[in-house]
Amino acid sequence: MDRLEKIRFLINSLDQIPPCTGCGMRWGTGDYECPHCGEDLEDNLFRWAEAVITNISTE
């Protein structure tokens, strides 16, 4: 898997986060816009995933 594929895999894996054991709330995924103001968040998600992969790779 190249770096871009790893980044996309990580972003697409967010829906695998288990729901809250207290109330059942699930992490919302697949939406790349802020639910509050509508701003596009794809670049933010990409930078976050890239940083996570970088940190994992250096350990």
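What percentage of the 59 residues in the protein chain do buried residues make up? Buried residues make up 10%. The views below come from a predicted model.

View 1. Helix 1 covers residues 3–12, and helix 2 covers residues 42–58. A loop lies between them. Among contacts with a separation of 6 or more, 51% join residues 24 or more positions apart. Buried residues account for 10% of the chain's 59 residues.

**View 2. Helix 1 crosses helix 2 at roughly 110°.** The two axes come within 9 Å. Helix 1 is therefore roughly perpendicular to helix 2, as angles of 65 to 115 degrees count as such. The crossing is right-handed.

**View 3. Residues of helix 1 meet residues of helix 2.** On the helix 1 side stand Arg3, Leu4, Lys6, Ile7, Arg8, Leu10 and Ile11. On the helix 2 side stand Glu42, Leu45, Phe46, Trp48, Ala49, Glu50, Val52, Ile53 and Thr54. By class, this contact has 10 nonpolar, 1 polar and 5 charged residues. Thr54 falls in the polar class. The charged class takes in Arg3, Lys6, Arg8, Glu42 and Glu50.

**View 4. Arg3 and Glu50 meet in a salt bridge.** Their side chains come to 3.8 Å, N to O. The pair links distant parts of the chain: Arg3 belongs to helix 1 and Glu50 to helix 2, 47 residues apart. Arg3 has a relative accessible area of 37%, so it is partly exposed, between the limits of 20% and 50%. Glu50 is also partly exposed, at 30%. Both residues take part in the contact between the helices.

**View 5. Glu42 forms a salt bridge with Arg8.** The closest N and O atoms are 3.3 Å apart. Glu42 lies in helix 2 and Arg8 in helix 1, so the pair ties together parts that are 34 residues apart in sequence. Glu42 counts as partly exposed, at 31% relative accessibility. Arg8 is partly exposed too, with a relative accessible area of 33%. Counting salt bridges in the model gives 2. The Arg3 pair with Glu50 is one of them. The Arg8 pair with Glu42 is another.

**View 6. Pro19 sits in the loop between helix 1 and helix 2.** Is Pro19 buried, exposed or partly exposed? Pro19 is partly exposed, because its relative accessible area of 34% falls between 20% and 50%. Leaving out residues up to four places away in sequence, Pro19 touches Gly24, Met25 and Arg26.

**View 7. Arg26 lies in the loop between helix 1 and helix 2.** Which residues does Arg26 touch, not counting residues up to four places away in sequence? They are Asp15, Ile17 and Pro19. Arg26 is partly exposed, with a relative accessible area of 47%. Gln16 is 10 residues from Arg26 along the chain. The C-alpha atoms of Gln16 and Arg26 are separated by 9.4 Å.

Note on methods
Residues numbered from 1 in each chain as written. Predicted model: local features only at pLDDT ≥ 70, side-chain atom pairs only at ≥ 80, totals over all residues. Heavy atoms only, no water. Helix = DSSP H or I, 4+ residues; strand = E, 2+ residues; numbered from the N terminus. Buried < 20%, exposed > 50% of the residue type's maximum accessible area, 1.4 Å probe, protein only. Contact = heavy atoms within 4.5 Å. Salt bridge = Lys/Arg side-chain N within 4 Å of Asp/Glu carboxyl O. Axes fitted to C-alpha atoms, helices over the stretch in contact; angles between N-to-C directions. Parallel < 35°, antiparallel > 145°, perpendicular 65-115°, else oblique. Left-handed = near helix turned anticlockwise from the far one by under 90°.
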